[in-house]
Amino acid sequence: MAKHHPYKVKRSKIKTWFNIFNATIFQNDLPEFKKIDFTDHNRHWAQVNGYPSESDQYDPTKEGPLYCTLSINPYFPTEKLFLDVLFHEMVHYYQWIKYQAIGHTKTFYLWKEIAEKHGLVLKSRYIDYSKRPYTPRSV
């Protein structure tokens, strides 16, 4: 039986794939993530947070360029899942830049067909049943 070796996420891989997706899919509309943190999330693989200007807190009265930070798990079961999740978070980043709203809404699902054309899977939740138990969010 083959031993499972999880995919270790490196900052350089995030930046490389971010640049590839940004250039080929998002027409370079997304600025680089302002900050990348590695966090072992309990209920999801990654998360983006949107901010206006250079502030670290949302303030709708502030003007300036919008940006996002990325918080991502340091390990994934596969590189493919990492790429799907990174694309997912980049769609949220695009939502923030264009609409100042992040969510699994109509503007999110418009990217599903584009993802498929690039060999990616876009869905609201990624669960690897064999390696990671599903823990429902409390209501």
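## Strand pairing in the sheet

In this predicted model, strand 2 and strand 4 run parallel and are joined by three bridges. Two strands count as paired if DSSP finds at least two bridges between them. Helices (H or I, at least four residues) and strands (E, at least two) are DSSP runs, numbered from the N terminus.

On its other pairing, strand 4 (residues 66-72) is antiparallel to strand 3, with seven bridges between them. Y67 of strand 4 is the bridge partner of Y51, and L66 of strand 4 stands opposite P52. The three strands form an open sheet in the order 2-4-3, with mixed pairing. Strand 2 (36-38) and strand 3 (46-52) are the edge strands, each pairing on one side only. On average, neighbouring strands of the sheet are turned by 20 degrees against each other, direction ignored.

Buried means under 20% relative accessible area, exposed means over 50%, and partly exposed lies in between (1.4 Å probe, protein chains only). In a regular strand the side chains alternate between the two faces of the sheet. In strand 4, L66, C68, L70 and I72 point one way, while Y67, T69 and S71 point the other way.

Helix 1 (residues 11-24) lies across strand 2 and strand 4, and runs at about 135 degrees to strand 2. Such angles run from 0 to 180 degrees between N-to-C directions, using axes fitted to C-alpha atoms, for helices over the stretch in contact. Contact means heavy atoms within 4.5 Å. Leaving aside neighbours within four places in sequence, L70 has contacts that include I14, F33, I36, V48 and L86. On Y67, K34 lies over the ring face, 5.5 Å from the ring centre. A charge sits over a ring if NZ of Lys or CZ of Arg is within 6 Å of the ring centre and within 35 degrees of the ring normal.

## The nonpolar core

A nonpolar core is a set of buried Ala, Val, Leu, Ile, Met, Phe, Trp, Tyr and Cys residues joined through side-chain atoms within 4.5 Å. The largest such core has 38 residues, of which F21, F26, F33, L70, F82 and F87 touch the most other members. Helix 1, strand 3, strand 4 and helix 2 (79-99) each supply at least two residues. Helix 2 gives the most, with 12 residues.

## Aromatic pairs

There are 13 aromatic pairs in the structure. Rings of Phe, Tyr and Trp (its six-membered ring) pair if their centres lie within 6.5 Å; planes under 30 degrees apart count as stacked, over 60 as edge-to-face and the rest as tilted. W17 and F21 have ring centres 5.6 Å apart and planes at 45 degrees, so this pair is tilted. W17 and F21 are four residues apart in helix 1, which means a separation of about one helical turn. W17 is partly exposed because its relative accessibility is 24%, whereas F21 is buried at 5%.

The rings of F26 and F87 are also tilted, because their centres are 5.7 Å apart and their planes at 40 degrees. This pair links distant parts of the chain, 61 residues apart: F26 is in the loop between helix 1 and strand 2, and F87 is in helix 2. Both F26 and F87 are buried. Ring pairs link W17, F21, F26, F87, Y94 and W111 into a cluster.

## Basis of the values

Residues are numbered from 1 along each chain as its sequence is written, and side-chain values use heavy atoms, leaving out hydrogens and water. Local features need pLDDT of at least 70 and side-chain atom pairs count only at pLDDT 80 or more, while totals for chains, interfaces and linings use all residues.
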